[in-house]
Amino acid sequence: MTYNLAEYLRQPLKIGSRSIAKRLILAPLTFLGNVAFRELVSRYGGYGLLYTEMCSAKAVPHENRFVSPCFRWRDEERSRLVCQIFGADPREMADAARRIEDEGLFGVDINFGCSNSAICRRHCGAALLKKPDLAAAIVAEVRRAVCFPLTVKFRTGWQDDATIAIDLAARFEDAGADALIFHPRVAPDRRSRPPKWAYIGRVKQAVNIPVFGNGDVFDRDDCRRMILETGCDGVAIGRMAVARPWIFAELAENLQPEPDMFADAAIQLARLLEVHYDPVAAIKRFKRFAFYFSANFRFGHTLYSKILMTRRMDEVGIILKRFFEPLPDISAGPNMNYFR
């Protein structure tokens with residue numbers, strides 16, 4: 001049987017009361033999925049939804065979108081943008097969701113996947129997977145507060161047991177989630193072991209709402225295998241989208257990447273960061289980007305070490321020009337030392 005991946009990814013998918021045109025989404029990425037990076041991704045196209053950086057639910061109702069480091073967007077992306085929020089108080093989460101709906105964004109996402117110690121110490125993110133009743137109550141409270149699409153990003157749990165993930169998925173669906181983004185790793189695992197894609201298939205079989213698989217999709221073959229092996233409705237791509245911002249267009253639109261696209265993407269992002277952020281915030285975000293972007297090259301450590309040492313955005317362009325003249329050796333796949 002032949003399988004046309006791009007054709008499948010271009011099939012519309014209904015999420016709650018709305019639909020997306022393509023089944024690829026940008027996974028939520030703290031410090032990386034910023035407004036400048038999303039603008040870069042949008043120039044290539046191929047995606048169905050973009051996700052913001054993780055935003056504090058407590059802060060969102062009072063944020064000024066034009067100065068907030070995370071709760072900001074371009075008007076052009078509003079109809080395809082989901083704002084991800086974290087928090088442990090159902091009422092605070094609901095208040096944040098109301099603000100997001102009032103702003104006219106596509107939807108809201110609840111973060112139950114971040115295992116960063118600073119977030120978990122606040123009993124947020126993946127820490128809430130230890131309290132499934134509270135996690136479900138948060139989803140239910142947000143559902144009562146808003147009508148637009150509600151998605152939930154979550155991990156397997158704190159133990160390597162598919163039945164835990166299945167139970168969580170069912171709870172979230174019953175509480176009113178319109179779609180799930182499932183990363184099949186246990187919360188304490190910061191990618192030291194491969195994600196268990198088979199768990200995605202079991203979660204998909206257990207619910208009647210769309211499920212997006214997430215974890216270690218680096219190229220066309222990975223994307224095809226995840227869909228065929230799990231039956232997931234779509235795929236969320238994170239780290240590889242940072243390394244190659246055109247990956248959505250490559251998968252869904254059969255874009256053929258050219259070697260000069262690497263330098264062009266990095267230069268474009270540097271300029272966009274300068275447009276959207278002050279110099280200090282811009283350089284911090286470019287350094288985060290450079291870590292994953294450097295995974296593309298045989299000697300990527302040379303590029304990353306130089307970017308890491310610079311303190312000014314005007315030096316970034318010089319570093320990039322020198323690195324890309326002549327064109328460096330491009331790896332077929334990412335250097336996993338950067339992707340852990």
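Accessible areas here come from the Shrake-Rupley method with a 1.4 Å probe, and for residues only the protein chains shown count as cover. On that basis the accessible surface of the protein chain comes to about 14400 Å², and 50% of this surface belongs to carbon and sulfur atoms. The model is a predicted one, in which local features need pLDDT of at least 70 and side-chain atom pairs count only at pLDDT 80 or more, while totals for chains, interfaces and linings use all residues. Residues are numbered from 1 along each chain as its sequence is written, and side-chain values use heavy atoms, with hydrogens and water left out.

The protein chain has 15 helices and 10 strands, where helices (H or I, at least four residues) and strands (E, at least two) are DSSP runs numbered from the N terminus. The radius of gyration of the chain is 19 Å, close to the 20 Å that the globule rule gives for 340 residues, so the chain is as compact as a globular protein of that length; the radius is taken over C-alpha atoms, and the rule is 2.2 Å times the number of residues to the power 0.38. Taken along the principal axes, the C-alpha atoms fill a box of roughly 55 × 55 × 35 Å. Of the 340 residues, 59% count as buried, a word that means under 20% relative accessible area, with exposed meaning over 50% and partly exposed in between (1.4 Å probe, protein chains only). Contact means heavy atoms within 4.5 Å, and among contacts between residues at least 6 apart in sequence, 71% join residues at least 24 apart. The chain carries 49 positive and 40 negative side chains, and the centres of the two sets lie 4 Å apart. For this count Lys and Arg are positive and Asp and Glu negative, with His and the chain ends not counted, and the place of a charge is taken as NZ of Lys, CZ of Arg, CG of Asp or CD of Glu.

Helix 7 gives a view of the interior. In this helix, residues 197-206, the buried residues include Trp 197, Tyr 199, Ile 200, Gly 201 and Val 203. What covers the buried residues of helix 7 includes strand 7 (150-157), helix 6 (162-175), strand 8 (179-186), strand 9 and helix 8.

Strand 8 also contains Arg 185, which is buried, with a relative accessible area of 2%. Leaving aside residues up to four places away in sequence, Arg 185 touches a set of residues that includes Arg 155, Arg 191, Arg 193 and Arg 239, as well as Asp 216. Asp 216 itself is found in the loop between strand 9 (211-214) and helix 8 (220-230), and at 16% relative accessibility it counts as buried.

The backbone of Asp 216 deserves a look as well. Most residues other than glycine have a negative phi, and most peptide bonds are trans. Phi of Asp 216, however, is near 60 degrees, a positive value, and His 123, which is not a glycine either, has a positive phi of about 60 degrees. His 123 is found in the loop between helix 4 (117-120) and helix 5 (132-145). The peptide bond from Glu 325 to Pro 326 is cis, with omega near 0 degrees, and Pro 326 lies in the loop between helix 14 (313-323) and helix 15 (336-339).

Two buried helix residues show contacts elsewhere in the chain. Ala 96, found in helix 3 (residues 90-102), counts as buried at 0% relative accessibility, and beyond residues up to four places away in sequence it touches Ala 57, Val 60, Pro 61 and Ile 85. Leu 272 lies in helix 11 (residues 260-276) and is buried, with a relative accessible area of 6%.

The cysteines remain to be considered. A search of the whole structure finds zero disulfides. The sulfur of Cys 70 is 5.3 Å from the closest cysteine sulfur, in Cys 55, which is too far for a bond. Cys 114 is likewise in no disulfide, the nearest cysteine sulfur, that of Cys 120, being 6.3 Å away. Cys 70 counts as buried at 18% relative accessibility, and Cys 114 is buried, with a relative accessible area of 16%.

Conventions:
A disulfide is a pair of cysteine sulfur atoms within 2.5 Å.
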